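Hi everyone, thanks for coming.

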Amino acid sequence: MDDALKEAIAAADLPACILLLGKLKPPLRRAVSSSAHASCKELKQRMASEAQEPGKGWEKYQARYLRLAAQLDAALLVAIATGSASELTKLAKRPLPKETAAALATTMPDWIGDAAELLVSVDPRHDHIARDLVRRGLSKRPTHDNYILGLCGDTRFGKHPFDADPELFEYEAWRMFEVEGGGESSLAARDKYTSREKSWTEAFLRHMRAGNLDRGRLIDATLDALARDFAPFRAGWFSRFHGELAVSAVEKAGRRDRYLHLLQSAVPATVSMAFATLQSIDATTPIAAGLLVAALHPVCLSRHKGIAVDAVKWLRGIGKREASSLTDVATALANALAHESVDVQKAAMDGLQECGAAVRTGELEQLIGERLEGIAPSLRKRAVDWLASATGAPGPARTAKRALVAVPAAPTKVRSSLLYQARAIIPISTQDELIDAFSSLLEEDGDPDEVERVFDGIARLGAERRVDFDARVGPLAKRARKLDKPHLYEPVLLTLIALARAWAAAKGAARASIEGSSLAAHMKEGHRPAHLPVLWRRVVALASQLDAGTTGVGLLSAPTHRGGLIAPDALVRRLIAHKQDAPNATDFCLALLRLATAGRPAALRGLEKINREGECFAALTYALGGKAKVGPTSALWAAACRARTPRITDPAVEKRHPHLGPDGATAASFCWNVKSRKSHGYTFHSLEVTVTPPLPSGAKVDPDLIATLRHLEVHAAEKSYARWLATLWPAGSESYFARAAPHLELNSSEWNDIAYYEALCAPFLQFGPMATLTLAMGLGAKEPSQSGMSADAAISAFDSQRLSGKELGLVMRDLRSTGFIKLKRWAAVLETVAGASPVASREVAIAIQTCLRGDPARAPRDEGALLSLLVELLAEHDAKLVDGAAREYVLGTKRARAFRPYMT
Amino acid sequence: MSERRRTDGAARREQREEVAKGGRGANSPFMPATVEHTYRYEGHSEIVTTRGLRALELSTSGPHSEHPFFFEGALTKPRLTALALRSLSKVVGSRFYAPPAMLQKILALADPVVTCSRGMLRFEGFSSCASTYVRVDLTPEAYKGEPRGLGTTNVDFNAEMRAALAVVRDGDQLHLSVGRSAVVLKSKNREVVERKVPLPTRWLKGFVEVQSFLSRMQPFCKVSGTEAMRFLRGLPRAKTSKHRYYVVSRGKSLRTSLTETSGVATTGLERLRALEDLAPLAHDLCVYGTEDGQASAWELDFGALRITVALSAEVWRGFSGEGQALTALARRETGPRLLAALRAQLAWDSALDLEGLARNVRAEEHEVADALRVLGTHGLVGYDQHSATFFHREMPFELEKLELLSPRLSAARALIAKDAVQSISGEEAMFCVRSRDVEHRVKLSANGEPLRCTCPWYAKHKTMRGPCKHMLAAQIHWESTRRDG
């Protein structure tokens with residue numbers, strides 16, 4: 001590079017650079033290009049180092065930085081003008097000076113014809129340079145969308161591009177109707193956050209009025225854009241703009257066929273606009289029935305029921321207007337019966353009956369016959385009657401409506417046997433199996449039963465040391481070391497990592513290895529999950545067992561069935577076989593809490609037969625429902641009495657061990673209420689659950705009081721931990737849900753919440769008030785996985801008679817009026833539940849009836865869908881509404897008429 | 001969880017560094033991230049009207065001849081075909097999952113491909129994120145006309161053409177041509193449209209490997225078009241990529257569940273939205289699924305034509321790297337001969353007769369099926385789950401640029417080359433595979449099928465994504481030991 005050019009770059013003198021480039025002979029350009037590239041690189045580095053060290057004076061720094069930026073612009077200009085096309089695409093990744101086109105015009109590289117296309121394909125912000133090149137006649141006009149998207153920029157500040165550059169009206173302005181864009185770069189996105197006077201809409205209209213843009217062409221361009229089926233949000237701008245154009249009746253009539261085509265659009269707003277326009281055209285100049293019926297046919301199945309209902313109504317009008325079109329109209333109406341909305345089906349059924357007997361054909365009857373099963377129960381009888389009257393066969397006999405009879409809750413014995421619906425857990429039998437299971441746990445979101453299975457496997461098989469032990473556990477140990485990071489905050493995974501490292505440690509060094517683990521570090525923290533000490537104590541016990549070389553002694557607390565349940569006879573056997581004098585307290589307390597309800601009497605008989613002494617045997621006897629003298633260890637007896645009667649206070653244990661807190665000797669009880677708070681015109685709802693007896697804030701609880709500990713638990717942020725918590729006391733799920741419910745997010749996606757809804761699906765879960773409340777909340781959750789999981793739980797609970805519609809309805813009644821739940825969501829999810837089985841359908845009907853209470857004048861606004869669902873469910877069961885309060889309520893609503901057939 | 005993700009990211013970084021050190025040669029177990037592909041069309045595809053007759057003229061590009069001309073004829077179901085092609089185009093232009101660091105600018109990387117075979121016209125496409133495969137099958141009932149040639153080619157699907165397809169109605173007469181005759185080309189004097197796109201390797205591999213999944217699928221249930229429409233419309237509008245859903249049959253309809261594992265498993269149900277507009281016109285919807293829940297296929301049947309959308313197990317995972325044919329690939333002793341013999345038998349049949357092929361190449365039917373799966377991974381055959389047959393088509397991409405063998409298989413061969421595999425004496429079919437500073441223990445079944453390994457990859461995926469590199473190495477070792485007697 002010659003000195004003059006270097007000086008021009010150093011002086012950031014772009015015109016001088018262009019002048020010097022013009023004087024540069026083509027053979028020298030290559031050399032100049034490499035020097036310019038080197039300058040660019042150097043300047044970029046200097047700018048980066050300046051940015052890292054702004055220095056003391058901001059203004060000086062800013063001046064230095066701006067100077068470097070200007071020099072870089074000059075260097076870029078020279079590099080591009082002397083470089084190749086591939087170099088251009090690399091350099092164009094950053095903003096280029098506006099003089100780039102002039103520089104290229106000076107050097108005229110052989111790729112200049114494609115320069116505009118290349119520039120915009122790299123970055124849409126180069127659109128102005130590309131335009132400059134095109135207008136100079138140097139480059140072909142780019143076909144890339146970015147050429148237009150670059151223009152479609154932010155118009156809130158500065159002069160609008162249309163006002164600044166009238167040449168845009170020749171091509172670019174029209175091309176804006178052909179490019180959809182995305183993200184922020186679209187007309188819809190730009191205008192959404194721009195004031196009216198600065199918007200693109202206003203700019204187009206202003207220049208149309210000024211005569212710069214042809215009105216007729218604008219109308220056509222808008223219709224062309226709508227025919228392209230852009231995404232609904234972006235297509236919305238064009239339909240709104242079309243409205244802004246205030247198209248006259250004559251203009252509309254002239255474009256009739258185009259509007260007819262738009263009825264087939266996949267965008268509801270476009271169909272709606274075309275529909276309204278065609279109606280106005282038809283009002284002045286009737287459109288041929290054949291054309292309209294063919295165009296409206298697909299609209300009757302539109303996803304948006306409002307448009308579909310309007311289309312059906314219009315078809316009915318066409319049928320009345322032109323009798324010759326009745327057959328086609330009837331076929332379209334029969335097709336509309338496939339629509340999922342009852343309102344559309346009702347309008348279609350009304351239309352079919354209006355068509356009269358003249359339209360009846362075998363084909364039509366077949367069509368309606370095919371759709372019969374999908375027709376809403378409240379209309380099915382009409383369709384059957386219509387078909388029967390066609391064939392002359394008598395319709396179905398009308399039977400008197402009956403009351404919906406709720407299925408009684410299953411007796412306790414049946415409920416208890418549900419333990420055996422849970423799958424049995426097969427203990428790990430070999431070390432290889434243990435390594436496999438352990439390795440999988442480290443990679444997955446720990447299944448709590450699998451975690452316990454591995455704990456048990458370590459207890460029984462961990463101390464076996466074969467010759468190749470180190471090689472066998474080597475990969476597991478390596479993985480554990482890799483995952484063990486100080487900032488890892490996942491209690492179950494932390495525990496597993498600590499245990500894996502302890503297992504793989506040298507003989508006798510297991511306990512010491514745990515002390516150096518991340519789990520140990522977290523144990524020292526003040527704010528830790530309430531049950532972390534439980535995990536810690538268990539790992540310490542296991543490590544001690546490894547160090548002692550004890551084999552064949554499994555955990556008492558290892559679940560025998562999924563969900564954390566232990567079959568009572570299995571626990572009796574384990575305790576009898578236990579080799580140590582006294583079992584580990586944490587392990588035994590946990591084992592007691594995990595006792596399943598089924599099979600307790602038989603297990604108790606077995607225990608009483610062997611007549612062993614000791615506090616543990618007494619506690620187990622007590623937990624199984626037998627008689628025993630309450631011993632001195634408070635945690636043990638608290639666990640025993642919670643296992644014995646999970647929801648009832650135990651006076652005997654209370655007397656010996658008072659003030660243990662909720663779910664110690666005293667069973668916790670809960671009550672809830674919804675609080676509302678208004679802020680900036682919005683109402684925020686929050687759920688509050690209070691527990692009795694209360695746990696003093698800052699109270700310290702013995703980690704072996706596992707049931708009480710739950711009341712200290714913070715909302716579990718990790719799914720694996722939340723799942724594991726549910727298995728600590730399966731029969732005490734009320735405290736689990738009480739702790740979770742206030743934190744469940746119903747209106748946004750909180751991914752870890754799913755763990756709590758999963759717990760609702762446990763086949764042995766006894767639905768208490770808190771579990772039912774959580775279920776009712778889940779049924780109204782916005783996130784599909786959460787509402788879907790709740791729907792599954794409701795179906796399973798109804799079908800297995802663990803929950804009745806009445807019980808759910810009572811909770812729904814209390815929630816309904818609070819505004820906490822969106823009733824439309826309830827209706828949608830309950831419809832899914834009802835569709836799963838006849839039992840679920842009946843229970844949902846009862847639940848809805850039970851929740852309809854209060855003053856109809858103050859009914860929630862979105863209650864209509866719930867009432868419609870009730871009508872359909874009553875029709876499906878051919879039942880009447882017998883609930884007096886619900887009858888009174890619905891008669892006061894606008895939907896009273898729909899309920900009349902179900903009142904008698 | 002976040003920590004685990006971070007460490008996975010670190011592993012990927014290590015892998016990248018290894019690529020940088022080891023280069024990208026044929027011996028490297030790693031492949032280039034993208035392969036440059038050039039589409040060269042003789043103008044844009046468009047709908048043209050000549051003397052009142054509308055015709056959909058699809059421009060073609062490659063592979064063997066510059067602009068192949070395969071078909072010309074009239075469509076008997078113009079609106080349906082137009083809607084199906086629009087849906088296909090919608091999937092091809094979609095990115096159902098964008099990795100956080102990736103910009104949306106790589107949308108719509110590749111055009112669909114069309115195969116003109118004996119008795120079937122098939123359009124195939126693949127979403128940009130490589131998680132959704134779509135195919136439109138036109139049976140002879142859907143068109144009137146004879147193929148002008150047999151083969152597979154890329155076709156240009158541009159925005160203008162898509163817009164024109166939107167307004168096609170059943171009453172319209174619509175002709176279709178795949179490519180243009182030399183005479184027409186000459187008369188129209190069109191300018192060649194050239195577009196270079198970097199096709200990601202995982203996209204290319206996914207496109208060809210999806211056939212392995214389709215061939216393992218079993219029909220799960222069939223519902224009417226009306227029920228299909230209601231099911232598709234009832235799907236959540238929000239993204240459902242975080243949780244696994246099971247589609248279960250409920251009488252004559254379908255519903256989704258998160259717990260009933262008996263159904264067809266999938267995530268990212270929003271990918272099925274491509275079928276929503278078509279469902280009201282369909283006779284029925286048939287759902288297929290693999291036993292292990294790794295993929296599902298959704299086929300709308302209109303009689304004369306069908307559209308199939310195949311979904312990978314997770315939106316972010318795609319079909320690539322699944323290693324479904326790795327075991328077959330690993331067994332090389334009979335492979336090359338059989339593959340060559342089979343390849344010679346392919347003659348653009350829309351349904352390959354397994355029995356006949358087995359007879360012709362003197363092999364067992366299961367061997368032929370395995371070999372066809374391998375040919376599938378080479379882009380030479382596709383699978384039609386409707387007729388449960390393979391069909392011949394040759395992907396018009398320069399697949400030879402890829403190291404076609406899986407990186408896992410290459411890594412396994414590298415382990416063999418380093419003599420890192422040893423049988424463990426005293427334990428049947430048990431192997432010790434040394435990998436860096438750790439020894440993995442691999443267990444094979446008596447007939448050499450992979451059973452277990454102690455590596456983290458196996459711990460995470462088991463054999464659902466095919467065997468790990470250690471298992472493959474052990475299999476190769478086992479095969480060679482057996483062969484050597």
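Let me begin with one term: a residue is called buried when its relative accessible area is under 20%, exposed when that value is over 50%, and partly exposed in between. Please also keep in mind that what you see is a predicted model.

Is Asp165(A) buried or exposed? Its relative accessibility is 17%, so Asp165(A) counts as buried. Its salt-bridge partner is Arg135(A), with N and O 2.8 Å apart. Asp165(A) sits in the loop between helices H10 and H11 of chain A, while Arg135(A) belongs to helix H8, so this pair ties together parts that are 30 residues apart in sequence. Arg135(A) has a relative accessible area of 37%, so we call this residue partly exposed.

Staying in chain A, have a look at Ser186(A), in the loop between helix H11 and helix H12. With 2% relative accessibility, Ser186(A) is buried too. Its side chain reaches the backbone nitrogen of Ala189(A) at 3.1 Å. Leaving out residues up to four places away in sequence, Ser186(A) touches Cys152(A), Glu180(A) and Arg234(A).

Next, some backbone geometry. Most residues other than glycine have a negative phi, and most peptide bonds are trans. Met108(A) has a positive phi, near 45°, and lies in the loop between helices H6 and H7 of chain A. For Gln801(A), phi is also positive, at about 60°, and this residue is in the loop between H44 and helix H45. The peptide bond from Thr692(A) to Pro693(A) is cis, with omega near -5°. Pro693(A) is found in the loop between strand E3 and helix H39 of chain A.

Let's move to chain B. Its secondary structure comes to 13 helices and 25 strands. Of its 485 residues, 59% count as buried. If you take contacts in chain B between residues at least 6 apart in sequence, 71% of them join residues at least 24 apart. One salt bridge here pairs Lys90(B) with Asp277(B), the closest N and O atoms being 3.7 Å apart. Lys90(B) is in helix H2 and Asp277(B) in the loop between strands E16 and E17, so parts that are 187 residues apart in sequence are tied together.

So how do the two chains meet? The contact takes 60 residues from chain A and 49 residues from chain B. The area buried between them is about 4700 Å², with carbon and sulfur atoms giving 49%. How many salt bridges are there between chain A and chain B? The count is 8. One of them joins Arg303(A) to Glu276(B), with the closest N and O atoms 2.8 Å apart. On the chain A side, the residues that touch chain B divide into 23 nonpolar, 14 polar and 23 charged.

Another salt bridge links Asp792(A) with Arg255(B), at 3.5 Å between the closest N and O atoms. This pair crosses from helix H44 of chain A to strand E15 of chain B, and both residues are buried.

Finally, a network. Asp432(A), Asp436(A), Asp468(A), Arg472(A), Arg441(B) and Arg452(B) are linked by salt bridges. Over all chains, the structure holds 72 salt bridges.

Conventions: Residues numbered from 1 in each chain as written. Chains lettered and ligands numbered in written order. Predicted model: local features only at pLDDT ≥ 70, side-chain atom pairs only at ≥ 80, totals over all residues. Heavy atoms only, no water. Helix = DSSP H or I, 4+ residues; strand = E, 2+ residues; numbered from the N terminus. Buried < 20%, exposed > 50% of the residue type's maximum accessible area, 1.4 Å probe, protein only. Contact = heavy atoms within 4.5 Å. Buried area = accessible area lost by both parts, 1.4 Å probe. Salt bridge = Lys/Arg side-chain N within 4 Å of Asp/Glu carboxyl O. Nonpolar A, V, L, I, M, F, W, Y, C, P; charged D, E, K, R; others polar. Polar contact = N/O pair within 3.5 Å; in protein donor to acceptor, adjacent residues only side chain to side chain.
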